[in-house]
Amino acid sequence: QVQLVESGGGLVQPGGSLRLSCAASGSISTNNVMGWYRQAPGKERELVATMTSVGSTNSADAVKGRFTISRDSAKNTVYLQMNSLKPEDTAVYYCNLAWSTLYRGRVDFWGQGTQVTVSS
């Protein structure tokens, strides 16, 4: 059983910063990808940023230059440093952990979500 525990969300003014953390526990494949997705009210869940266990990153154009993803693989923890926050960044942010398996294909695990609200 894999569990993801997120922390760090909250209310921040436009232009402010927040740091999200997500710690994974359980039986975790060595080769994996951890990252963040978000879902705003009335919208579909979208990718924010991901990082593989070997350090390759991917991020949405909307957050490039403002958000930075990092991870501590020894602790199975991923972080998202969010700077220059905008009201349109308001959403529930979900941590994701995934890897490929031989017979089941990709398996995904999700955190419970943490609310980020950017408002003055």
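Is Leu 11 buried or exposed? Leu 11 is exposed, as its relative accessible area is 65%. The legends below describe a predicted model, in which local features need pLDDT of at least 70, side-chain atom pairs count only at pLDDT 80 or more, and totals for chains, interfaces and linings use all residues. Residues are numbered from 1 along each chain as its sequence is written, and side-chain values use heavy atoms, with hydrogens and water left out.

View 1. The term exposed stands for over 50% relative accessible area, buried for under 20%, and partly exposed for values in between (1.4 Å probe, protein chains only). Leaving aside residues up to four places away in sequence, Leu 11 touches Thr 117 and Ser 119, where contact means heavy atoms within 4.5 Å. Between Leu 11 and Arg 104, the C-alpha to C-alpha separation is 39 Å, and the two are 93 residues apart in sequence.

**View 2. The disulfide of Cys 22 and Cys 95.** The structure holds 1 disulfide, a term for a pair of cysteine sulfur atoms within 2.5 Å. Its S to S distance is 2.0 Å, and the angle of -85° about the S-S bond makes the link left-handed. Cys 22 belongs to strand E3 (residues 18-25) and Cys 95 to strand E9, so the pair ties together parts that are 73 residues apart in sequence. Cys 22 is buried at 0% relative accessible area, and Cys 95 is buried at 0%.

**View 3. The ring pair of Tyr 37 and Trp 110.** Rings of Phe, Tyr and Trp (its six-membered ring) pair if their centres lie within 6.5 Å; planes under 30 degrees apart count as stacked, over 60 as edge-to-face and the rest as tilted. The count by this rule is 2 aromatic pairs. In Tyr 37 and Trp 110, the ring centres are 5.2 Å apart and the planes stand at 70°, so the pair is edge-to-face. Tyr 37 lies in strand E4 (residues 33-39) and Trp 110 in strand E10 (residues 105-110), 73 residues apart. Tyr 37 is buried at 16% relative accessibility, whereas Trp 110 is partly exposed at 37%.

**View 4. The ring pair of Trp 99 and Phe 109.** Here the centres are 5.2 Å apart and the planes at 40°, so the pair of Trp 99 and Phe 109 is tilted. Trp 99 is buried, at 12%, and Phe 109 is partly exposed, at 24%.

Methods. Helix = DSSP H or I, 4+ residues; strand = E, 2+ residues; numbered from the N terminus.
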